[in-house]
Amino acid sequence: MFSRAYKTVVTLPPLVWVTVFLFLPYLLMFCYSFWSVSPSQTIVHSWNLDNYKELIQKTVYWQTLLRSMWIAARVMIFSLLLGYPLAYFLSFYAGKRKDLLYQLVIIPLWVSYLVRAYAWKTILGSDGVFNTLLQYAHLTKHPLDFLLYSPFAVVLTLTHIYTPFTFLPIYAALEHIPRNLVEASQDLGATPAQTFWKVIFPLSIPGVLAGATFAFVLSLGDFLAPLLLGGPSGIMISNIVVSLFGAAYNWPLGAAISLAMLVIVVSLLVFSERLEKKWSFS
Amino acid sequence: MELLVSGGMTTSGAPRSRSLLLHAAAVFAFLYLPIVVLVIYSFNGQGVGGFPPRNLTLDWYRILFADIPIWDSVLNSLQVALVAMLIALAFGIPAALALDRAQFPGKPLFRRLVLLPLILPGIITGLSLLMLFNLANVKLSLLTITLGHGTALISVATTEVFAGLQKLDRAQEEASLDLGANYWQTFWAITVPNLKLPIIGAALLIFTLSMDEIAVSFFLIGRDNTLPLEIWGRLRRGITPEINAISTVIFMFSMVTIVLWYRLRMRAESSVAVGEELAEHGKEQI
């Protein structure tokens, strides 16, 4: 029903824009990762694998990459542990207050990312809320200084930020479960635990996968929370990339690390998409 | 709800639902603790730390309202968000139409590419755009930030509008075309009004996401700061309750936006419901 002209008019402008402002830049990053920097600080356009060699040989790079993945994995696990039971409670037990509670989960998303990270800094700092509260209650004499400027602070803050993101797809998946399946399971004599593990949980797996991927990928690439709350031990891979693009001025190496990150992220997305297809019944 | 009523669940389900309730309460406390702290300490005379808050004061707000660089950055952010929103809609809506209605070579790649910035860490999109602008010798400014936001947020416009298109009844568009309207007229008279809700929703979402965006802006910043980057710069220099004050103001502003949006949505939904009821009623009459 739509003419060729119509299709061309709706296709061409976004196609051109996306090619120039997304495809070309990603391609450029790919190219940069094979170039190098001369001693006089100019980019040499000769193709080689030196950046990737350096990435593998220098322990600091892949160790930081592994540490970032470990931080992201913890954020993912904690977000799931907080988000899943919450979604389950809202979907199956909240009754009339369901919509209100749903809104309450969304609202923190509207508070600036930066501001929430900063609020955790006021809470965890040595003269912050938590430490003064502990001293006030005579639970400790000296402020606990391991709270701030540590991987712990980064994991806590990122978990706080990504829990609602993890909650959303899980809640959507739970809401889509036909309630008569649950009733059937009960009528046929399954215990509540059996009903949960054999009916509800398997049907919610696509939501869990989407939420988990979201939490992992977005925290893997974060560089602001580590800068603000991480301290030297909380440095993540993106912080190294930022410094390579800034003061250290080695764009090609920075591009190579970014590309490594991109490969991890995209393969994870593809993997979770495959799993999701396997687990979705509809 | 039915679960609570049905017999098997109430006996063994009660302690389970109670522990779920406790867990939910704990998660809500965790989600809201920083926000509560933020708001309370914006009134704290003692600065950012200490417990309990002492000497409640409005000084931080007074300082904030006299702080010209902050308000300049707010204006910059509003400009960026507005233009980015227009860019994202101008390309995101046709992209959704193309994905829904056209077949062209590379369509799967195009879909993935459009949606990629939504799930990719902002640093990757920001850096690759930085390389592009550097190569093209474009000086970094608010314009480059706007282009970055606009491009990254096409994904939001496309997903929202595409979801709306899936629910759209094509018969109306067909009728309009059969009755002699051209595509342009049909688009404005039928397609857009039917997609009003997803488009407004996308616009509001894009606007707020752009106002808060920092990872992409971080690499594309020129001389003028956006609000998040201005806040970032001050956080690096040390923390002051003035940041709490501006955050509280932004939070209140976002809350008003959400409430307005839901009002709008409720009204639209209830008018649809009313319309359906009238239609049912009409059928009965006939």
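**From one residue to the chain contact**

Ala96(B) touches Thr158(B), Val161(B), Phe162(B) and Leu165(B), leaving aside residues up to four places away in sequence; contact requires C-beta atoms, placed from the backbone, within 7 Å. The model is predicted, so local features need pLDDT of at least 70 and side-chain atom pairs pLDDT 80 or more, while totals for chains, interfaces and linings use all residues. Residues are numbered from 1 along each chain as its sequence is written, with chains lettered from A and ligands numbered from 1 in the order written.

Ala96(B) belongs to helix H4 (residues 68–101) of chain B; helices are DSSP runs of H or I with at least four residues, numbered from the N terminus. Ala96(B) counts as buried because 28 other C-beta atoms lie within 10 Å, the cut-offs being 20 or more for buried, 12 or fewer for exposed, and partly exposed in between. Between Ala96(B) and Arg111(B) there are 15 residues in sequence and 9.2 Å in space, C-alpha to C-alpha.

In chain A, helix H2 (residues 50–57) packs on helix H12 (residues 251–279) at about 65 degrees, with axes 9 Å apart. Axes are lines fitted to C-alpha atoms over the stretch in contact, and angles run from 0 to 180 degrees between N-to-C directions. H2(A) and H12(A) are therefore roughly perpendicular, a class that covers 65 to 115 degrees, with under 35 roughly parallel, over 145 roughly antiparallel and the rest oblique.

The contact between the chains takes 72 residues from chain B and 74 residues from chain A. On the chain B side, helix H2 (residues 7–41) gives the most, with 20 residues.

Technical notes
Helix = DSSP H or I, 4+ residues; strand = E, 2+ residues; numbered from the N terminus. Contact = placed C-beta atoms within 7 Å.
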